[in-house]
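Have a look at what is shown below, try each task, then check the solution.

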Amino acid sequence: MDAALLPLAPLVVVAGTTVVLILLDLLPPRTSKVHLGVVALVGIVATLVSALFLWGRAGRAFSGVVVLDNFALFFDVVICYAVALVLLLSLDYLRRNGMERGEYYILVLFATLGMLLMAHAADLIVIFLALELMSLSLYVLAGFFQARLTAAESAMKYFLLGAFATGFFVYGIALIYGAAGTTALDRVGAALGSATRDPLLLIGLGLLLVGFGFKISSVPFHMWAPDVYEGAPTSVAALIATGSKAAGFAGLLRVLLSTFRGAQPDWTALLWVLAVLTMTVGNVVAIAQSNLKRMLAYSSIAHVGYMLVGVVAGGPLGAGGVLFYLLVYSFATAGAFGVILLLERGRQEAVNQDDYGGLAARHPVLALTLALFLLSLIGMPPTAGFAGKFYLFGAAVRSGYIWLAVIAVLNSAVAAYYYLRVIVYMYMRDQEGVPTEPAPSFAGRLALGIALWGVFQLGLMPAPVLDLAQAAVAPLLR
Amino acid sequence: MSKTVWLIPFFPLLGTLLNALFGRWIGRHAHWIAVPALGCSFLLSCAVFLKVWRGETFTGDLFPWIQAGAFTTAVTALVDPLSAVMLVAVTGVGFLIHLYSVGYMHGDSGYARYFAYLNLFVFSMVMLVLAGNFLVLYVFWEAVGLCSYLLIGFWYTRRSAADAGKKAFIVNRVGDTGFALGVMYLWVALGTLDYGAVFSRVGALSPATATVIALLLFLGACGKSAQLPLHVWLPDAMEGPTPVSALIHAATMVTAGVYMVARSHALFERSGVALDVVAWVGGITALFAATIGLAQTDIKRVLAYSTISQLGYMFVGVGVGAYAAGIFHLITHAFFKALLFLGAGSVIHALGGEQDLRKMGGLAPRMIPTTVTFLVGAAGLAGLPPFAGFFSKDEILASAYHRDQFWLWGLLLVGAFLTAVYIFRVVFLAFFGGPRMSKQIAQHVHESPLVMTFPLGALALLTAVAGVVGIPSAQGTAFARFLSPVLPLAEETGGHGALSAYALLILSVIVAVAGVLLAWLLYSSRPLSAEAIGRPRTWLHALVFNKYYVDELYGVLFVRPLLRIAGFCASAFDLGFVDGIVNGVGRLVVGWAGSMRRLQTGYVMNYALATLLGAVAIVGFFLSR
Amino acid sequence: MVPETYYTMLSAILFSIGVVGVLVRRNPLVIFMSIELMLNAANLALVAFGARFGAADAQVLVFFVMTVAAAEVAVGLAIIVAIFRLRRRLSVDDLSLMRW
Amino acid sequence: MELVTFFGVAILAVASALGLVLRRNPIHGALFLVVNLGCVAVLYLLLGAEFLALAQIIIYAGAIMVLFVFAIMVLIPGKEETGPDPLRPQRLLAVPLGAVLLLEAVLVLRSHVVGGGSSRFPGHQPGSPLAAVPPAVRPGGIESVGRLLLGDYLFAFEVTSVLLLAALVGVLTLAKRKAE
């Protein structure tokens, strides 16, 4: 490999795999495309390995628009884990829904490339391109089950609102360029640092926040999320909830912590409000949901609120806590979506909580798995969710945001209600009507096993990973 | 010692895993895993206890758990006299109740699930007791709550059981949130959560800070230990299987609050005010719950209110600084209340699930072991010498008296009288007099199998003899001396009261005996007529007014007003007011959720509007800065 | 020489009109065109700022935005066509199967 | 003269934008958008960006708008948006909000001019000429754009190609009916 490309190894591997997939898709067999999924999986694992190998190295390439640092690598790992879980879950899911097509895997890899690029981008225009690469692929994936009206609706809503948010994002870039004369992140930061505070830069940041807020689904830019999660294929919903959210945070954190560090008091005050709104709206509305996919959508919104608490807290503790939490959250959320995806009730996906009545009696292992993922989302020890929340809220307390931490704790208390309701359905209700049965998918179970391992590994031994997360944010905070 | 200590929680955990994962295949044989697991834990606990007796203590990390900057917390175990005593009590009572469950739950469809939950509970409780820092304490504080929730709703097909589980969950959530905030604040204030470090540095806290932290922690204790105003969940928790009520909702979990306050006494002492709050909340709860206990007709609910009341006694004990007395009452209460619950369970079992006192009576000749052991338990609860409850309760009363807390002492004394009345009311209504159950049920009344009566006997024995270690002497009780490395001996600071220790002792006895006599006069001196029982709700009044001339005096002077107060408390305050708040808050949030979700109209335009609103707000915000 | 402030002001006006267009119209095609208007306004601002700096960077950025817009249009129209296949009416207000 | 041109084109641009938003018929809307894009192309010329002006015409008017018009022709028989509008009050809420956004934008752009002179572009690369100085190599020229595109921005350029490929696959996915 060319020395200049070495820092970009994760990107190169994914891009290469994508090309291979496009070619493979043209070859027979036409009916089964599982092998494409397997190749994609191999590519993702190779990416993961390359990211792990590069850990600790730093560099820049292509006039400094792409960067290699621990921060980007940590996100590479999070994203690769999420995508790998999604791919494992998809292998059998597509066939069951009669939509086994190669384009699916190709688009997933394109989206992945966009996400990784987001983590590595050091220039606003590259962030923009990465965002679009990821979004365009996800728009199509959201509507992948074309025959379903809900899928089409979900794609349309996602697309229109995403494009709308993109409009703000681009205008933000324009304003920042207007103030700083450049789009390179470090030089924008220098402009911010040396000039008397320029309103144009701040407003530009505000418009960027609209775009990022949309991607991470923070209130008030969250409204697409429940509808899209509900209508999209469950595997894609999992991808949107984990990978794309992680990518959004990658861009957001790099821009805020590194480039706009000089304006920290300004955006901190704003994010304080956004964090409170996001977690409260997410948790409260989740209570009223009976569809599990929608419930998880609101739950994911609430978790964004918790992560914003970490961003507000700042410093290695807060920002590192966000990275750690993203990993924790991705495992638990992908796992929860995975269980939903495996369960069927009379040829329909089991998405209503009624479908989960008495599941524990008939499928104790699967029910226990889902229960553990939900407990992790609650933040119940010894699952990873507890450690994650502990770091985030602890960081907020350490930085003096006591009230924010109190609100977050209260929110977690409310949140337990709707997660436990599902557990109650599984353990304390009886099945009525057609029984809910899991699909016999080995890959799916493997994915759940990996996610479960993550939930416990990070819950019982969080310290090493937290150290890595803190090392990852160190280059941004320098 | 370290390996032994870690094995104690390990066995129940193993039992949980086996029964949870392979329950379908293990099925009816689940107890062959669960009971031996507990047995091992109990034997190990005893071994640890003996080592502690010889003066060893142990602190050890299982593994470093959470690190955040300079702050690290490990999963730490701390074995000192206090935790050793608790360990033996938890595993011992737990073992007996596991054994009892083999008979009681026989044939239940969720047999393996039941033992999995029960083992999980014991694991969590053992870890709670072993915890060497506040974080681990909090973790297992939550975990025991979760188990309690699962076990209350165990018979989920009953709607009331599911509701009770939900209620327990919501109320405990309030307390636990307070507890979490307290732990967080503690961390902010001191930068550490290790018991040793916290208690040695507690002087660095300002009294105001210490008060806030202590009160937040105490809020958690109120939730878990069912003290006013968070007590409402416990009576409903009786929807769970009776052995569960005995283990979790009487003997162990609900006492976690008392344990926590005793454990963190340095913090509460630093505040001062917080200790008074603890004592007064305890005292008021003790009397309040005892009055309600008088008016209940469900045998398990009487015992539930009794538990609330007795927990109030323990809080008074720790609140006035007599920590050892509080813990001693905790232990003896674990014995006799578990005994009473198991006895009640035996009765319910014999009557085919009947819990209504009005439909019992005359069981004594048919169930001699149960009757005898229940009597021992009742005597223990009523505080009749020489049973354990006498010594422990008297110790608390004496401590309150000697610290010049005369009002508290008065509350508790009245409470003690009522305790004797209500528990012997149960005894007389259930075991003596004529049978009031239907013919078919009466024919089937039978003594429970040995696997159930053996635990009764063992607990009765403990209730009878455990008082020995609580005999007061010049240097305090033997129990208090054993705990003195952890809990300071009660100092006889006051001594302004006119009564000597022996006078107090005799007064306690008189009060208890008077209570028993009153109960006998009311409920057993003459046979109860059947028609009185045919009128539900008013039967007690009818009894008092029409049937017993002898009782009229008592009735007018004492019982009727008391019943009124009890009835008022039960209906207006207990059911109306506090429930209203709990349900109201719940409904508020749910209603809020309902209206908030309406914002999610499904229209792209509304979503875009929200986005625009957000953009305008953000830009405006930055512009204004 | 026209001051570049005029251009940026004009771009702000066009951007706002585009935003309002997204909100007041019901036809997804028109909404989409309004979004194009927004992007276009942003481009204008970029070029105006670029002229101030006398650097060609801005134009390169605009070029990228245009390309992305083209890709977005392709995907967007495909989605709109796909939904039209399923139901013959075309108003975003009909798209409220999923809500609450 | 330049000023007059600017205002003429600017007024036309705003008018056509309003036309897009206000006219009910999507075909008219599309045509208004074409006019608007053309106006912006003229403005690019005024700003000295010939390359962009051409690209604007070719990419937007030539490719994108043709797609739009095509889609409209295919999808919409006759007029649309004629039915009752239950959301009208909320929809009109957009107008004041849009006005506020505009106000904010105007405020910030004005304050920017007032607040800072031409010497305050510290982030700008040294060596690049500032606005006041007539540039030696005309920045709008195709040459400088080309150099940047394949020099400093080579990576972004490559990403764009990937993006187009992804869009292609995406469109194919949506357009291809399932072979049954």
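**Exercise 1.** Is B:G326 buried or exposed, and why?

*Solution.* Keep in mind that you're looking at a predicted model. Start by finding the residue: B:G326 sits in helix 15 of chain B, which covers residues 323-350. Next, use the cut-off: a residue is buried if 20 or more other C-beta atoms lie within 10 Å of its own. B:G326 has 30 C-beta neighbours inside 10 Å, so it counts as buried. Finally, see who is around: setting aside neighbours within four places in sequence, B:G326 is in contact with B:V258, B:A262, B:M314, B:G317, B:V318 and B:I396.

**Exercise 2.** Work out which residues A:L133 touches, leaving out those up to four places away in sequence.

*Solution.* Take chain A to begin with: A:F110, A:L113, A:G114 and A:L117 are among the contacts.

**Exercise 3.** Describe the side of chain A that touches chain B.

*Solution.* Count first: 53 residues of chain A are in contact with 45 residues of chain B. Then look for the top contributor on the chain A side, which is helix 17 with nine residues. Last, sort that side by type: 45 nonpolar residues, three polar and five charged.

Note on methods
Residues are numbered from 1 along each chain as its sequence is written. Chains are lettered from A and ligands numbered from 1 in the order in which they are written. This is a predicted model: local features need pLDDT of at least 70, side-chain atom pairs count only at pLDDT 80 or more; totals for chains, interfaces and linings use all residues. Two residues are in contact if their C-beta atoms, placed from the backbone, lie within 7 Å. Helices (H or I, at least four residues) and strands (E, at least two) are DSSP runs, numbered from the N terminus. Ala, Val, Leu, Ile, Met, Phe, Trp, Tyr, Cys and Pro count as nonpolar, Asp, Glu, Lys and Arg as charged, and the others, Gly among them, as polar. A residue is buried if 20 or more other C-beta atoms lie within 10 Å of its own, exposed if 12 or fewer, and partly exposed in between; C-beta atoms are placed from the backbone.
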